[in-house]
Amino acid sequence: MSHLSQEKTPILTALNKYRMDRIVPFDVPGHKQGRGNPRLTAFLGKQCLSVDVNSMKPLDNLCHPVSVIKEAEELAADAFGAANAFFIVNGTTAAVQSMILATCKRGDKIILPRNVHISAIHALILSGAQPVYVNPGVNTRLGIPLGMTPEDLKAAIAQNPDAKAVLVNNPTYYGICSNLKEITELAHAHNMLVLVDEAHGTHFYFGEGLPASAMSCGADMAAVSMHKTGGSLTQSSLLLTGKRLNPGCVRQIINLTQTTSGSYLLLTSLDISRSSLALDGKAMFRKVVSLAQYARDEINKIGGYYAFSKELCDGGAVYDFDTTKLSVFTRDIGLAGIEVYDILRDEYGIQIEFGDIGNILAIISAGDSEFTIERLVAALYEVKRRYAKDPTGMFDHEYIAPQVEMTPQNAFYANKKMVPIGASAGCLCGEFVMCYPPGIPILAPGERITEEIIDYILYAKAKGCFLSGTEDITIENLKVVDV
Amino acid sequence: MDLWFTEQHTKDVCFSIRVEKQIHSEQSKYQRIDVFESKEFGRFLTIDGKMMLTEKDEFIYHEMIVHVPMAVNPGVKNVLVIGGGDGGTIRELTRYGTIEKIDLVEVDKRVLEVSRAYFPEVSEKLSDKRISFYFEDGLRFIREKENEYDLIIVDSTDPFGPGEGLFTKEFYGSCCNALKENGILVNQQECPYYADYSKFMKRAHQCMQEFFPVCRIYQAQIPSYPSGNWVFGFASKGLNPVSDLRDSEWNKLGLKTRYYNTDVHVGSFAIPNYIRDILADTTEQQEF
């Protein structure tokens, strides 16, 4: 696939040269290669601080790349099979926002599932776009939202033929994939652009036998969290675009919200990780898939837990499954996922990615070994042995169809008042409520608050979920639209 | 030629042995294994640069990890040894005719093969008919066992690298579950003197207390190990290592030992105050 040498790492090479040249800095950052902040240097290391530098001619400029960053972005585009790639240092949040801001103006319609990451709805507030939600469907046993079916999209398009774009989560946090190829063809046939939140799908571009990647399906834009499963530093990410997008315009949109002081630590981590993925990705993800499969088999032997995988695939809302994900349904042992998540950390020193009402998710990566997997499996045995309870009476569903009555932007900027959460039923929500992780809003601005939603929020709070998004940090009160 | 093996006991303390020659070196799937010949300690085995055993002083470790629990419950029939691929613990155990079954779980088969090749006196009893071998992670092996063993001996490497899982709460919980009513768990718990090691002793001890009503430590002097002062953990579901010691019964067996005797047994459970204080301290140590 590659016509460029993926062994090259232009940003790394430039930084090494910068260091060898022993440049005397009279520019920012003021720690001056670490010398001005010995305590920070002692903690992070001299090497790290010495390349925490500012944009300069030999190191290029992230806002207007013409040399080494440009070359590194071209290498990334080549490795991912994209027309263009943009390095993002403000998190995948910035990549998702740029996708929406680049395609939807104020009042434009965008079709998306409701179980999107908060960053997508934040972008709706920024752009003023009008969301058209497609019900993702729920697996009622597991309580997890699923993917987007072409049928549901067809119906949404029929009702909203003027929509500008379709946004798809692929894969979802839990590893569920949609039929991206058909969705893309359908959207394109109706002159809509396809945006893919591929935050959890970096490995799709490099592993074997994994679900199809956004670019391979002809999608127009994809936000790829290199830092999640690609090995780069936290907050570094990629925005990939296809042939239909004008790269200059996309760059301008990115620059609306992205820092002008792009971190070279983050940039070089993208550069190095891209090279490693292109060169060794196959072997890396072969190992990850086999470790995850081993863990699933062992966890399913325990009894009570259900580590799910491809057997969920039904050709529709679960078109494919990402087998590198280790999602485990815990409700049958009488524990909410969030309770297992807390026990694992507090009692066993094991930090997993998240726990929700019915499931936990462990991220397996190239950094894992059979020994770390054994610890997780052994701890799950112990958790069951020591903490299992009667599962009756536990909350058993997760997706509540939203009633959108105002655009997120209008609701967010409307006159609002504070009401106690228990008395908020019937009001129009003026802010976000979500559990983090996974960071999927339970309520977004412009949505009608119902008793069912309030029950869900109170239950999640009682079980120890980390709720956020509200102005009232104690989540006792909600800000609602004052009508 | 001046050739020395050096092990860094802490970042500021080194321990060196003059080496006559290096006999073996390999990187197994899990770890680096080396064998050296020296004048002072004889042949010695290191794993990832850490001293595992020397011909001269290995008897201390192996006698203390086996005879202490055996003298408290000489009726032990089913034993599980986790780690201990060198065979020293097995050698001591096989001296008891009353033991019927020994399961040896060693993650790295190469340790066993290297010991067989270069330490015949340590590994001589690895061919005993009562032994079943399992080459896998101890944490994996034990998690499904229930009410099966009278004695579990954890003869592990240090709690960094492949041995890490054997110092965790999930492991001790599984051990408790795998032991019978009178069961005993003995493990090596590092050195009490240097903070880098004693934090593991403390953590192990405090974790084990959550599962076992009886939880004690005992000491031995092992010259080739960090600080020379080594600690073992003794945990049981009821048997007390001192008041339940069956000394006359054990002495009647007539086993010839070089370090262990029933007086040493009792004395080894006398713990200096500074170690008691570490064990009683429930605050977390600062890592840096």
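How many salt bridges are there between chain A and chain B? The count is eight, a salt bridge being a side-chain nitrogen of Lys or Arg within 4 Å of a carboxyl oxygen of Asp or Glu. This is a predicted model, where local features need pLDDT of at least 70 and side-chain atom pairs count only at pLDDT 80 or more, while totals for chains, interfaces and linings use all residues. Residues are numbered from 1 along each chain as its sequence is written, chains are lettered from A in the order in which they are written, and side-chain values use heavy atoms, with hydrogens and water left out.

**View 1. The interface of chains A and B.** Here 17 residues of chain A are in contact (heavy atoms within 4.5 Å) with 20 residues of chain B. Together the chains bury about 1,600 Å², 50% of it on carbon and sulfur atoms; buried area is the accessible area (1.4 Å probe) lost by two parts on being put together, summed over both. Phe371(A), Arg375(A) and Arg385(A) supply 35% of the area that chain A buries against chain B, more than any other three residues.

**View 2. A salt bridge up close.** Take a look at Glu210(B) and Arg386(A), whose side chains meet in a salt bridge at 3.6 Å, N to O.

**View 3. The surroundings of Ser227(B).** Ser227(B) counts as partly exposed because its relative accessibility is 33%, between the limits for buried (under 20%) and exposed (over 50%), with a 1.4 Å probe and protein chains only. Leaving out residues up to four places away in sequence, Ser227(B) touches His9(B), Cys191(B), Tyr193(B) and Tyr194(B). The C-alpha atoms of Ser227(B) and Val13(B) are separated by 9.8 Å, and the two residues lie 214 residues apart along the chain.
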